[in-house]
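Please read the points below with the sequence and the structure open side by side. They are numbered so that each can be checked on its own.

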Amino acid sequence: MIRIQPQTASHDGSSQQIIKDHNATLLFNLVRKHAPVCRADLARLSGLSPATVTVLIDELLQNQWLREIPLVKPASGRGRRPILLEVNAPRGYVATIEIISHGYFLNLYDICLHKVAFSRSRDIASSAQQVLDSLLELLRSSQIDRSRLLGVHVLYPGLFDAQTGRLGFSAVIEPQQMVQRELIAFLREQLAPAHVMINNNAAAVAYSAYIAEPGAPAAPVLAITIEEGMNAGIVMDERYCIPIEAGHIIIQPHGPACNCGNHGCLETLCSAPALFAALNARAGMHLTYQENYAADCNQLAMQQAAAAFHRKEPAVMDVMREYAYHLCCGLVSIINLFAVRSVRIGGMVRLLGDGFLELLQKTLEQQFHIVTDAGSVALSLFENDFESSRKAAVVMTLGAIFQRA
């Protein structure tokens, strides 16, 4: 989490508490990343004063978020080694629930981001009670007491009510396959005092792409994943990440019908199934694919498409050039609107490799005009293996728990 300087905030108690929460979260994350680490190094890494670090670390130790590593006597027998710190991994656990078109994934992590358990349900139209039962069974089978569940983060590929968490429209999940829409309210009631939150997949994906960068990449950063649907999110800074319905930007008013009810949405032309359909129809390929979210056959289809692209088969290249143009139509709209400085592209499409990235960069530079103050944007591919976004969701949940505490 980003550090907020005290002089930038008002001096009422609430503002001071916000500052303290963010700084405590910052130190916790630094210990998680750099452990074993001493207080002096934390002061250097965070930019906080040694006195502030001492006070906050003592509180984190008292509340068992961190623990001290026993001192080892120096080989020379002289001097005193600094006391090192690490995250107290068994302090508690965070679960992630990923809603897909034919069930859901459950993952359980300790607060040091170690995965301790996993399960998958293939139940269609699961009830909230079924999801809860699956989670409780995962805790039981892992011999983890329910009281040690600190939080639950639901990842949903669609819209939801920001206040209640009620699940809304999803372009990649059919209504008859939808988990019970009141899932969030039910989990909040049944799992209290655990912190239950919900995000569009895009926010977790964007945050995972951002924190994976060495150092601090220039923000705003747009991260977009191209799978059966299209997820996108923008990281405005280390604390602020917003989902973007990039897949439903209209780029062809008279184009193909979209599940959202409009025509010519970016998703109808640039999702993985849309690319597969174009390659089958115009390049004579015979790719087997499904439009269902997280369909197993689609990964193989993208690998086959990538192999044909790398061979530079003429018909395939024609399809890919048009595909790159359509994708840039959507990207440049977001880039110019939010003054995006860098774009990270993930999902199955990353299997197309650097050649695709070069084609995209060339298309963007030659056929579009970027009107931000930078006048240019950096493109890169990133590997979103789902695990990265799950861990990002855990990090976001821990940040929310610190603020709530």
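1. Gln-64 sits in the loop between α3 and β2 (66-69), where helices (H or I, at least four residues) and strands (E, at least two) are DSSP runs numbered from the N terminus. Although Gln-64 is not a glycine, its phi is positive, at about 70 degrees, and the residue comes just after α3. With a relative accessibility of 48%, Gln-64 counts as partly exposed; on this scale buried means under 20% relative accessible area, exposed over 50%, and partly exposed in between (1.4 Å probe, protein chains only).

2. Before going further, please note that this is a predicted model, in which local features need pLDDT of at least 70 and side-chain atom pairs count only at pLDDT 80 or more, while totals for chains, interfaces and linings use all residues. Residues are numbered from 1 along each chain as its sequence is written, and side-chain values use heavy atoms, with hydrogens and water left out.

3. A positive phi in a residue other than glycine also occurs at Gln-143, where the value is near 60 degrees. Gln-143 belongs to the loop between α4 (128-141) and β7 (149-156), and with a relative accessible area of 75% it is exposed.

4. Helix α3 (residues 50-62) has 13 residues and reaches 18 Å from its first C-alpha to its last, close to the 18 Å expected at 1.5 Å a residue, the expected span being 1.5 Å times one less than the number of residues. Which residues of α3 are buried? They are Val-53, Leu-56, Ile-57, Leu-60 and Leu-61. Seen down the axis of α3, these buried residues fall within an arc of 140 degrees, so they line one face of the helix; the arc is that of the directions from the helix axis to the C-beta atoms. As a general point, an α-helix has 3.6 residues a turn, so residues three or four places apart point the same way. On the other side of α3, Ala-51 and Gln-62 are exposed.

5. The bond from Ala-35 to Pro-36 is cis, with omega near -5 degrees, and Pro-36 lies in the loop between α1 (13-34) and β1 (37-38). Ala-192 and Pro-193 are likewise joined by a cis peptide bond, with omega about 10 degrees, and Pro-193 is found in the loop between α5 (183-191) and β8 (195-200).

6. For the chain as a whole, there are twelve helices and 13 strands. The radius of gyration is 23 Å, close to the 22 Å that the globule rule gives for 405 residues, so the chain is as compact as a globular protein of that length; the radius is taken over C-alpha atoms, and the rule is 2.2 Å times the number of residues to the power 0.38. Along its principal axes the C-alpha trace spans about 75 × 50 × 50 Å, and 53% of the 405 residues count as buried.

7. The largest pocket holds about 460 Å³ of space. Of the 25 residues that line this pocket, the closest to its centre are Ala-171, Glu-228, Asn-259, Glu-267 and Glu-291. On a 1 Å grid over the protein atoms alone, a pocket is an open set of points with protein on both sides within 12 Å along at least five of seven lines, a cavity is a set where a 1.4 Å probe fits but cannot get out, and lining residues have an atom within 4 Å of a point. Both α7 (266-270) and α8 (272-283) supply at least two residues of the pocket lining, and α8 gives the most, with three residues.

8. A search of the whole structure finds two cavities of 30 Å³ or more; grid points are joined across faces, edges and corners, and a volume is the space filled by probe spheres set on the points. The largest cavity has about 50 Å³ of space, and its lining includes Asn-201, Glu-227, Tyr-293 and Phe-386. The elements that give two or more residues to the lining of the second largest cavity are β4 (93-100) and β5 (103-110).
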